[in-house]
Amino acid sequence: MDFDLSKPQKLLKDSARDFLKRECKPERVRELMGTDTAHDDKLWQAIADQGWVGLAVVAEEMGRACLPGAFLSTVFAAALIERAGSREHRAKYLAPVAAGELKATVAFLEETANWDLDGVKLEANRRNGSFSITGRKLFVPDAGVADLLICVTRVGESLALLPVERGTGGLSVKRMPSMDGTRKIYEAVFDRVEVADADVLGADGDARGALRGALETATAALCAEMVGGMQWVLDTTVEFAKTRQQFGRPIGAFQAVQHQCADMLLMTESARSAAYYAAWALTEDAPEASGAVSIAKAYCSDAYREVGNRGVQVHGGIGFTWEHDLHLYYRRSKASEVMFGDGSFHRERIARMIIDGAA
């Protein structure tokens, strides 16, 4: 088995890196952080023109650039539509997504912030050929710019995936404080929002399976994005250690600093191996795919945080300053750590898989 990228994939990755170096410089990231949505229509359209919207293979380079905006949330929503939508749904939503004409997100989490499917408690009431939603969802990424919001609800013992378009009566969104200013999160409030039966995703009865699969796809993309962030922190820290002078020589000459950099390299390469394997397993529909995704996310959640910690330690005082870009990646690492479940969540998920398999 060869889990390395193919030659075309490497060319695509290099192309994405060159593009993002030009179009998503740190100065632009900081500008977008200061806006209400962290979204740039021009940048989004440029990404769409490259054919990258919903394409997870470029996620690593987007993590390296700390790309702001709705890319990851749209990947999640598009994967959900692909799995749960009818032919009409896919034609209606996925073509505009690919063209950059539609941004989407998924309203999943509630007060418990539990990524387990059984944590969904918001109920939708069915009557007169439609579903009615009253309640709220929290920590909804990019809801302020999303043209489509897919609300995950409960109907009895089953789940229902209800697409709600921007401007629908009864829907309001309010920005919430967040650790990562490049990825805004929102509270979405539903006040008797009506969704027609014909618009419901997962009407074939497998909304749960579609949601689980979409979560795994989005989690694998997030792991790749986290690897890109780790690589930026590692490269930046090593370069700093080569040039920062202390006691008449570069600090990289000191063994303590070398140990920190070596640990960062080990964690970054291990995270890359886990992320690539998870992506391969999903692509090949391997039996171990779900476990591979959870292994990757558990490792990447912890590794990105630790790589960030060591990067700050090597940089010393400047690593804590607003002027240095390191804090952008440290904030991203903390936000990504809990997105789609942190390390503890996925280790528990792996344990349940083992127990269920043994049974």
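1. **Ala335.** Leaving aside neighbours within four places in sequence, Ala335 is in contact with Met179 and Asp180; contact means heavy atoms within 4.5 Å. Ala335 belongs to helix H10, residues 326-338. Helices (H or I, at least four residues) and strands (E, at least two) are DSSP runs, numbered from the N terminus. Ser178 is 157 residues away from Ala335 along the chain, yet their C-alpha atoms are separated by 8.0 Å.

2. **Basis.** This is a predicted model, with local features needing pLDDT of at least 70 and side-chain atom pairs counting only at pLDDT 80 or more, while totals for chains, interfaces and linings use all residues. Residues are numbered from 1 along each chain as its sequence is written, and side-chain values use heavy atoms, with hydrogens and water left out.

3. **Main core.** How many residues does the largest nonpolar core have? It has 87. A nonpolar core is a set of buried Ala, Val, Leu, Ile, Met, Phe, Trp, Tyr and Cys residues joined through side-chain atoms within 4.5 Å. Buried means under 20% relative accessible area, exposed over 50%, and partly exposed in between (1.4 Å probe, protein chains only). Phe108, Ile150, Leu211 and Phe340 have the most contacts inside this core. Helix H7 (residues 207-243) contributes the most to the core, with 16 residues.

4. **Phe108 and the second core.** Not counting residues up to four places away in sequence, Phe108 touches Asn114, Trp115, Asp116, Leu117, Val120, Lys137, Val152, Leu211 and Leu215. A second core is separate and has 18 residues, including Ile133, Val164, Phe190 and Val193.

5. **H5 against H7.** Helix H5 (residues 71-84) packs on H7 at about 150°, with the axes 8 Å apart. Axes are lines fitted to C-alpha atoms, for helices over the stretch in contact, and angles run from 0 to 180 degrees between N-to-C directions. H5 and H7 are therefore roughly antiparallel. Angles under 35 degrees count as roughly parallel, over 145 as roughly antiparallel, 65 to 115 as roughly perpendicular and the rest as oblique. The crossing is right-handed. A crossing is left-handed if the near helix is turned anticlockwise from the far one by less than a right angle, and right-handed if clockwise.

6. **Residues of the H5-H7 contact.** From H5 come Leu72, Val75, Phe76, Ala79, Leu80, Arg83 and Ala84. They meet Ala210, Leu211, Gly213, Ala214, Leu215, Thr217, Ala218, Ala221 and Leu222 in H7. By class the contact has 13 nonpolar, two polar and one charged residues. Ala, Val, Leu, Ile, Met, Phe, Trp, Tyr, Cys and Pro count as nonpolar, Asp, Glu, Lys and Arg as charged, and the others, Gly among them, as polar. Leu211 and Leu215 of this contact are also touched by Phe108.

7. **H5 against H6.** H5 also packs with helix H6 (residues 87-98): the axes come within 10 Å and cross at roughly 155°. H5 and H6 are therefore roughly antiparallel to each other, and their crossing is left-handed. On H5, Thr74, Ala78, Ile81 and Glu82 make the contact; on H6, His89, Arg90, Tyr93, Leu94 and Val97 do. The classes are five nonpolar, two polar and two charged residues.

8. **H8 against H9.** Helix H8 (residues 255-283) and helix H9 (residues 289-315) pack at about 160°, with their axes 8 Å apart. H8 and H9 are therefore roughly antiparallel. Their crossing is left-handed. This contact has 20 nonpolar, five polar and three charged residues.

9. **Positive phi.** Two non-glycine residues deserve a look. Phi of Cys66 is near 55°; Cys66 sits in the loop between helix H4 (59-64) and H5. Phi of Asp142 is near 60°; Asp142 sits in the loop between strand S3 (130-141) and strand S4 (148-155). Are they buried or exposed? Cys66 is buried at 1% relative accessibility, and Asp142 is buried at 3%.

10. **Ala124.** Strand S2 (residues 124-127) contains Ala124, which is buried with a relative accessible area of 6%. Beyond four places in sequence, Ala124 is in contact with Phe131, Ser132, Thr153, Arg154, Val155 and Leu162. The C-alpha atoms of Ala124 and Glu194 are separated by 9.4 Å, with the residues 70 apart along the chain.

11. **Gly205.** Gly205 lies in the loop between strand S7 (185-196) and H7. Gly205 counts as exposed, at 66% relative accessibility. Its C-alpha atom is 24 Å from that of Glu288, 83 residues apart along the chain.
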